[in-house]
Amino acid sequence: MKLQRKNRVRALAVGALAVSGALTLTACGSDDTSGGGGPAAAKTSNIKCEGKGKLLASGSSAQKNAMDVWVQAYSGACKDTEINYQPTGSGAGVTTFLQGQTAFAGSDSPLKPDEVTKSKQVCKGGQAIDLPMVGGPVAVGYNVPGVDNLVLDAPTLSKIFNSEIKKWNDPAIKKLNPGAKLPDLKIQPFHRSDDSGTTDNFTKYLKAAGDWKHEPAKKWEGEGGQAASGSAGVSSQVKQTSGAISYFELSYATAGKIPTAKLNTGAKTPVDATVDNASKAISEATQVGKGNDLALKLNYTTKAEGAYPITLVTNEIACDKGNKPETLAATKSFLTYISSKDGQSALKELGYAPLPTEIADKVRKTVATLS
């Protein structure tokens with residue numbers, strides 16, 4: 001049963017990737033909401049279609065596979081609304097939103113104070129807020145011939161991604177993997193070339209739990225390594241490059257059949273990158289946003305049994321007040337759907353962690369107040 005489940009998850013993730021090319025400005029013209037029979041066929045009878053026209057959004061590539069499925073389902077139900085989500089990366093998405101070019105943005109990092117200040121120029125009479133929507137593990141994917149069960153920890157990862165550990169048979173890696181046949185092979189670390197919330201979360205983990213010498217940020221600050229654009233870019237490089245290692249949202253590892261490292265967190269047993277294990281870590285998050293801003297602070301140093309610490313929560317960034325009249329109704333309708341039980345139920349089989357009930361309830365109530 002576990003094997004069947006694993007194969008099904010892979011098939012669903014691949015299916016989500018496959019439909020992405022069709023989900024452009026013409027996505028709403030499709031009558032097919034099945035998506036191959038997986039989560040894309042989620043219940044759509046409860047979707048309340050409001051607003052018409054084009055709804056433009058961009059940002060986090062980590063939530064791309066979830067957004068593909070959501071857009072397909074919503075567009076199939078709401079024929080008068082065109083939704084175009086571009087996975088440009090969190091940094092680019094927030095920038096575009098602050099320029100007034102999109103109805104909402106996706107970001108794997110909460111808004112910074114200066115970004116909230118800038119948003120008041122776009123959100124007339126209000127400001128931008130964080131609406132948590134997608135949770136999940138940031139997997140550490142690798143390509144090491146002959147090694148399919150790798151254990152790493154934060155200090156070792158810090159040195160690998162800062163080019164201080166350069167061979168796969170380094171003593172630090174051997175110590176964590178006493179039974180593995182580690183090759184005398186050069187490590188090829190890949191990082192994001194674009195400003196990325198996934199990078200921000202990954203380096204926050206390295207800083208909090210490891211020996212990272214740089215300040216966490218959306219922009220990569222580590223020494224050496226190679227760069228690629230988006231989660232799709234770095235995962236593709238890992239799949240085709242012997243000795244490679246990188247970080248990306250779990251569904252990319254699932255779709256590409258890329259092995260992922262277990263993490264030694266200090267718990268009794270190294271922890272796998274799974275949805276359930278990420279959910280255990282996300283459950284320890286605390287709300288740090290004020291008022292209608294629901295930004296969360298994650299615990300990257302958890303040592304709880306079965307809690308996977310490299311997690312992210314993607315926020316949809318929207319104006320609490322001052323949304324553009326021509327897109328407000330459709331924005332609220334779409335965000336209501338994706339935060340609903342039907343919308344969230346599609347996530348787990350794609351490698352994401354549905355929001356904890358109490359957080360999802362707050363999100364839905366806040367979306368209802370957008371004006």
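The dialogue below takes up a helix pair, an aromatic pair, a cavity and a pocket.

A: First, the ground rules. This is a predicted model, where local features need pLDDT of at least 70, side-chain atom pairs count only at pLDDT 80 or more, and totals for chains, interfaces and linings use all residues. Residues are numbered from 1 along each chain as its sequence is written, and side-chain values use heavy atoms, with hydrogens and water left out.

Q: At what angle do the axes of H2 and H11 cross?

A: Helices (H or I, at least four residues) and strands (E, at least two) are DSSP runs, numbered from the N terminus. Axes are lines fitted to C-alpha atoms, for helices over the stretch in contact, with angles from 0 to 180 degrees between N-to-C directions. Here H2 (residues 64-77) and H11 (residues 325-338) cross at roughly 115 degrees, and their axes come within 11 Å.

Q: Which residues of H2 and H11 meet?

A: Contact means heavy atoms within 4.5 Å. From H2 come Met67, Trp70, Val71, Ala73 and Tyr74; from H11 come Ala330, Ser333, Phe334, Tyr337 and Ile338. By class, this contact has 9 nonpolar, 1 polar and no charged residues. Ala, Val, Leu, Ile, Met, Phe, Trp, Tyr, Cys and Pro count as nonpolar, Asp, Glu, Lys and Arg as charged, and the others, Gly among them, as polar.

Q: How many aromatic pairs does a search of the whole structure find?

A: Rings of Phe, Tyr and Trp (its six-membered ring) pair if their centres lie within 6.5 Å; planes under 30 degrees apart are stacked, over 60 edge-to-face, the rest tilted. The search finds 9 pairs. In one of them, the ring centres of Tyr74 and Tyr337 are 6.4 Å apart and the planes lie at 35 degrees, so this pair is tilted. Tyr74 in H2 and Tyr337 in H11 are 263 residues apart, so the pair links distant parts of the chain.

Q: How much space lies in the largest cavity?

A: On a 1 Å grid over the protein atoms alone, a cavity is a set of points where a 1.4 Å probe fits but cannot get out; a pocket is an open set with protein on both sides within 12 Å along at least five of seven lines; lining residues have an atom within 4 Å of a point. Grid points are joined across faces, edges and corners, and a volume is the space filled by probe spheres set on the points. The largest cavity holds about 90 Å³. Its lining has 4 nonpolar, 5 polar and 1 charged residues.

Q: What is the volume of the second largest pocket?

A: About 470 Å³. Of its 23 lining residues, Pro110, Lys204, Val288, Leu296 and Lys297 are the closest to the centre.
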